[in-house]
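Keep the structure in view while reading.

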Amino acid sequence: MTQPIFDHDRLDVYRLSIDYVAASFAIAKNLNGLHRHARDQWLRAAQSIPLNIAEGNGKRSLKDRNRFLDIARGSALECVSIQDILSATDGLDDGSHGELKRMLRRIVSMLTRLIGRADVVSESRKEYNAAIEYEYRDAEYEYEHEQEQPEPSRAPEPVLRPLLDGQSNFPAR
């Protein structure tokens, strides 16, 4: 890969996902016949991983960024499943399957950590002395000295009464 130009180029998970796409394309060249549908789905899912990482990394809000990283993670998991199908149907040899699966496991774990890291963004408790417990006293509240109204012994009469014999309970004009 060339020198990083964009922010996503610096992410290890992006570079690893590009390597995974290249490896999956190299293997997919030999898949045809009964495996062609799985091959097409596999290549789409494989390409979706770096595409969503790049798009998500360019988002300004953490929520949007995490959504795209989560989609990339889902695409990686989809690739694992497709590889399992190809391996079970003799479309993918055990050596290639194991190597690609290890790459995907690393991609999924890296994406999971990236998503998890953004989910716990917070300020230090120390900055706000949040570790110190404060005792709140009644004197600290402004409304303490306001006149307290005694609670009524029964609810006030309703202004509007139910209709009897079709008569309106609104005043006549």
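The model is predicted. The protein contains four helices and zero strands, and along the sequence the pattern reads α-α-α-α. Of its 173 residues, 32% count as buried. The accessible surface amounts to about 13500 Å², and carbon and sulfur atoms supply 51% of that surface. Among contacts in the protein with a separation of 6 or more, 65% are between residues 24 or more positions apart.

Two packed helices are described by the angle between their axes and the distance between the axes. Helix α1 covers residues 12-28 and helix α2 covers residues 36-57. The angle at which α1 and α2 pack is about 165 degrees, and their axes lie 9 Å apart. Angles over 145 degrees count as roughly antiparallel, and α1 and α2 are therefore roughly antiparallel to each other. Their crossing is left-handed.

Which residues of the two helices meet? From α1 come Val 13, Tyr 14, Ser 17, Ile 18, Tyr 20, Val 21, Ser 24, Phe 25, Ile 27 and Ala 28. On the α2 side, the residues are Arg 39, Trp 42, Leu 43, Ala 46, Gln 47, Ile 49, Pro 50, Ile 53 and Ala 54. By class, the residues of this contact comprise 15 nonpolar, three polar and one charged.

Terms used:
Residues numbered from 1 in each chain as written. Predicted model: local features only at pLDDT ≥ 70, side-chain atom pairs only at ≥ 80, totals over all residues. Heavy atoms only, no water. Axes fitted to C-alpha atoms, helices over the stretch in contact; angles between N-to-C directions. Parallel < 35°, antiparallel > 145°, perpendicular 65-115°, else oblique. Left-handed = near helix turned anticlockwise from the far one by under 90°. Contact = heavy atoms within 4.5 Å. Nonpolar A, V, L, I, M, F, W, Y, C, P; charged D, E, K, R; others polar. Buried < 20%, exposed > 50% of the residue type's maximum accessible area, 1.4 Å probe, protein only. Areas by Shrake-Rupley, 256 points an atom, 1.4 Å probe, with all protein chains shown as cover.
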